[in-house]
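Here is a friendly note to read alongside the model. Take the points in order, and keep the 3D view open as you go.

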Amino acid sequence: MRRIVAGEASNLVAQMRRGVLPYCVLAMLRNREQYGFELVHALGGTDGMVTSEGTIYPLLARLRRQGLVETTWQESATGPPRKYYRLAEAGKEALGEFTESWQRLRDSVDDLLASSGQEPF
Amino acid sequence: MSSASDTAGDRLVADYLNRLAAEAASLPADRRADLLEEISVHIAEARTVRYAAGAARSLSVASVLERLGRPEDIVREAAEDTESDAAAAQSPPRRRVLDTGTVILLLIGGLLIGLGWIAGVAMLWASPRWRTSDKLLATLVWPGGLAAVLAVPRFGTGLPPPLALSLLLIGVAGPIVAAVRLLRQAWRPAAVPPVFPHPHKAA
């Protein structure tokens, strides 16, 4: 097992954040399709999820390449046409699997972090 | 909004997009184009939207760009899992050495050892670097490369000197031009993107 280094927690949390971010994006598309700026703005507003809003666009592009989201162009009254992102079937499945795994992990970790260390027997 | 701050903002945006375009030179062309467009559109939208209900003005351009983040960070994110694409865009070093050797063989292989040119042709057709049309040209137009030049004195003794000289010059220039063309394609790096003259403007 790797040595745990003091102060490393923030680095670990940053890595976890990066890992779950794609699924958070998928979750945001669960109920309705959204265009790039909406998504980026909403994610940027959620505490600590994203340090650089611009990096969401490559993430969205990657999700599209992987077939998890689909894009359509829609006319906008106020400017150029907008690229809307929509959850694809594969994306729905991936989101479902992740949600289940995440909830189990989250609950387990919460329990252990809160444990009082009582003797089990 | 005063026109002076608009112009200053436009300059900031143009600078930012130019930096982004430069950083993104290493990306595959389609990915680079998409990214540049998406960021441009984002900036245009962000400059016009009101971030808070009742806000008197939208965010300053500087804030929008700061929230977007550094171009190098954005491009680094876009470059993930691009390794295979990048390899296709620019030949790895070993391939470039092989391709250079191929061109040398095509050019002078006939002069040194007759079979050298034939080996060069085999390597030419085996290489993934060149298009079929280029390969055909290199093979058929100047068979034997510079060795064809040796044929002129042998078969051209009956020709008037000016004609013989012209044929000699063409015989030398032709293979060299073809070789240079093949080499440039073998060594070509990923294309550099255009510079942004001005940012998108929302209607």
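**Notes on the two chains**

1. Let's begin with chain A, which has 4 helices and 3 strands. Keep in mind as you look that this is a predicted model. Going along the sequence, the elements of chain A come in the pattern α-β-α-α-β-β-α. Of the 121 residues in chain A, 20% are buried. Among its contacts with a separation of 6 or more, those between residues 24 or more positions apart account for 46%.

2. Now turn to chain B, with its 10 helices and 0 strands. From the N terminus on, that reads α-α-α-α-α-α-α-α-α-α. Chain B has 203 residues, and 29% of them are buried. If you take the contacts in chain B between residues at least 6 apart in sequence, 67% join residues at least 24 apart.

3. Where do the chains meet? Here 21 residues of chain B are in contact with 17 residues of chain A. On the chain B side, the elements giving two or more residues are helix H2 (29–48), helix H3 (61–68) and helix H4 (71–78). H2(B) gives the most, with 9 residues. By type, this side of chain B divides into 9 nonpolar, 2 polar and 10 charged residues.

4. H2(B) deserves a look of its own. This helix has 20 residues and reaches 29 Å from its first C-alpha to its last, close to the 28 Å expected at 1.5 Å a residue. Several of its residues are buried, including Leu35(B), Glu38(B), Ile39(B), His42(B) and Glu45(B). Notice that this list has charged residues such as Glu38(B) and Glu45(B) in it.

5. How do H2(A) and H2(B) cross? Their axes come within 10 Å and cross at roughly 70°. Because angles of 65 to 115 degrees count as roughly perpendicular, H2(A) is roughly perpendicular to H2(B). Gly36(A), Phe37(A) and Val40(A) of H2(A) make the contact with Glu38(B), His42(B) and Glu45(B) of H2(B). These residues divide into 2 nonpolar, 2 polar and 2 charged.

6. Why does Tyr57(A) count as buried? The reason is that it has 25 C-beta neighbours inside 10 Å, and a residue is buried if there are 20 or more. Leaving aside neighbours within four places in sequence, Tyr57(A) is in contact with Gly36(A), and also with Leu35(B), Glu38(B) and Ile39(B) of chain B. Gly36(A) is 21 residues away along the chain, yet the two C-alpha atoms are separated by 7.4 Å.

7. Finally, the nonpolar cores. The largest has 37 residues, of which Val25(A), Ile56(A), Leu60(A), Val69(A) and Leu20(B) touch the most other members. Elements of both chains give two or more residues to this core, among them helix H1 (9–28) and strand S3 (79–87) of chain A and helix H1 (3–23) of chain B. The largest share, 6 residues, comes from H2(B). Apart from this core lies another, of 15 residues, including Val121(B), Trp130(B), Leu146(B) and Val149(B).

8. Beyond its neighbours within four places in sequence, Val69(A) is in contact with residues including Leu29(A), Leu60(A), Leu63(A), Tyr85(A) and Leu87(A). As background, nonpolar side chains tend to be buried together in soluble globular proteins.

Key:
Residues numbered from 1 in each chain as written. Chains lettered and ligands numbered in written order. Predicted model: local features only at pLDDT ≥ 70, side-chain atom pairs only at ≥ 80, totals over all residues. Contact = placed C-beta atoms within 7 Å. Expected span 1.5 Å × (residues − 1). Buried ≥ 20, exposed ≤ 12 C-beta atoms within 10 Å, placed from the backbone. Core = buried A, V, L, I, M, F, W, Y, C linked by C-beta atoms within 7 Å. Axes fitted to C-alpha atoms, helices over the stretch in contact; angles between N-to-C directions. Parallel < 35°, antiparallel > 145°, perpendicular 65-115°, else oblique.
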